[in-house]
Amino acid sequence: PEPTTLLTGIARAFTRGTHLPWDRIYGPPTTTPINLPTYPFQRTRHWLDKAPADLTSAGLEGSDHPLVGATVETADDGRLLLTAKLSLNSHPWLADHAIGDTTLIPAAALLELALHAAGRAGCDEVEQLILDEPLALPGSESIHVQVSVQERDEAGRCAFTVHARPADGDSWTRHASGTFAWAGRTAEPMTGEWPPGDAEEVDLDGFYERLTDLGYRYGPRFRGLRAAWRHGDALLAEVVLPEGLDGRGFGVHPALMDAALHALLLDADPERIRLPFALSEVSVHASGSSAGRVVIRPVGDEEFTLTVTDVTGAPVLSVGSITLRQVPAERLGIKTDHFYEVQWRPVPVSATETVERWVVLGDSGAWLTGHELATVPDLAALRRAVASGAAVPDEVVVAFPGDPVASGEVPGRAHDTVARGLALL
């Protein structure tokens, strides 16, 4: 159609900078034109991302827990299966829990899943939880999580496992396992002065910045430690649920539970990344808390007890034992040998040691034996020596002169030098 073709051409000309007489195209303006803003449109979305799925039509039971998608009880063996789909889109606060460059599902979140599953199985305690493998959350991709609870044994315990896999993956990895039980434990409220008058306050100024330097990269939503004290061999702390997070629906929100563990990092070792490995006798006494008081006591090597109360002293969470362990960086996917990295590597030279290097400068070079220099062949001679199998020094240092390239810019020279180095190798 000619009108559409004409107006499309006019629009294309205008968007390419052509000045157009709009009054001749549309007629004289009847209103005062208003310029568009010079910044991008700042929209606010009010649409639902996705309508809630009707799980009952698929034979599943929905869940009101923020981390659990559905629950199903198997007919043949009485197992209970809880499923979840976690991502930074559905749970953006998880992005603030990272070790190195790896976003990890906090151990507190796996513990929260286990506590919820224990309640569904008719138990009131996570008797034991072993964290077999850290669970990484890959970028914007989602992961599928399953908590499988076995039928009760003769002692009334239920064994459980936590498996996960990427949404587009085929194989499952077991990340945690343990047992549930009905313990009927009660916790006494915390009474007396808080903090005790003889407690020594710990300065937390720059605490999370220091943790970042050590590899614990906690963002704003995982920086809930507000105060800490030392009282004998015990650590005391006050934690809050950071702004923007809601504890409703959780037993204990993972960000609040994780903050309770941060007091254990007051004396963090710069050479070690320590993560929770095993927990036992874990019970929730009150749900949905947004703040708490924490008491941590050592009971062994890297083993502690932990209790959390609310600000009135009423029990919230009790952990009979929590054990930390060192986790190698490579298991977390933390890159410790970057290709693009400048490193200073000292070469020890003693008075009796002879270090032989061939230092090649363009087409000439020098032997470096001990601390003496001598004339050596050129680079072509080096190539002939290598090709003939002759003995050469243990190390050869080649310094490329900064020959200009067409562009003359630093990136161009760098690319040229790298290409020449690769060609030489």
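## Asp246 and its salt bridge

Asp246 is partly exposed, with a relative accessible area of 36%; buried means under 20%, exposed over 50% and partly exposed in between, using a 1.4 Å probe and protein chains only. The side chain of Asp246 meets that of Arg248 in a salt bridge (2.5 Å, N to O). The term salt bridge stands for a side-chain nitrogen of Lys or Arg within 4 Å of a carboxyl oxygen of Asp or Glu. Arg248 is exposed, with a relative accessible area of 66%.

## Basis of the model

This is a predicted model, in which local features need pLDDT of at least 70 and side-chain atom pairs count only at pLDDT 80 or more, while totals for chains, interfaces and linings use all residues. Residues are numbered from 1 along each chain as its sequence is written, and side-chain values use heavy atoms, with hydrogens and water left out.

## Confidence

The average pLDDT (the predictor's confidence in each residue, from 0 to 100) is 82 for the protein, and 80% of the residues score at least 70. Over residues 334-338 pLDDT stays under 50, and the model has 5 contacts beyond four places in sequence for them; a contact means heavy atoms within 4.5 Å. Residues 361-376 also stay under 50, with 37 such contacts. Where pLDDT is low, the predicted coordinates should not be read in detail.

## Other salt bridges

The whole structure holds 10 salt bridges. In one of them, the side chains of Glu127 and Arg157 meet at 2.8 Å, N to O. Glu127 lies in strand 6 (residues 125-131) and Arg157 in the loop between strand 7 (143-149) and strand 8 (158-166), so the pair ties together parts that are 30 residues apart in sequence. Strands here are DSSP runs (E, at least two residues), numbered from the N terminus. Glu127 is partly exposed at 21% relative accessible area, and Arg157 is partly exposed at 34%.

Glu302 forms a salt bridge with Arg274, the closest N and O atoms being 2.6 Å apart. Glu302 sits in the loop between strand 15 (291-300) and strand 16 (303-309), and Arg274 in strand 14 (residues 274-284), 28 residues apart. Both Glu302 and Arg274 are buried.

## Strands

Strand 2 (residues 70-73) pairs in the antiparallel sense with strand 1 (residues 61-62) over 2 bridges, where two strands pair if DSSP finds at least two bridges between them. Glu61 has Thr71 as its bridge partner in strand 2. Strand 2 also pairs in the antiparallel sense with strand 3 (residues 80-86), over 4 bridges.
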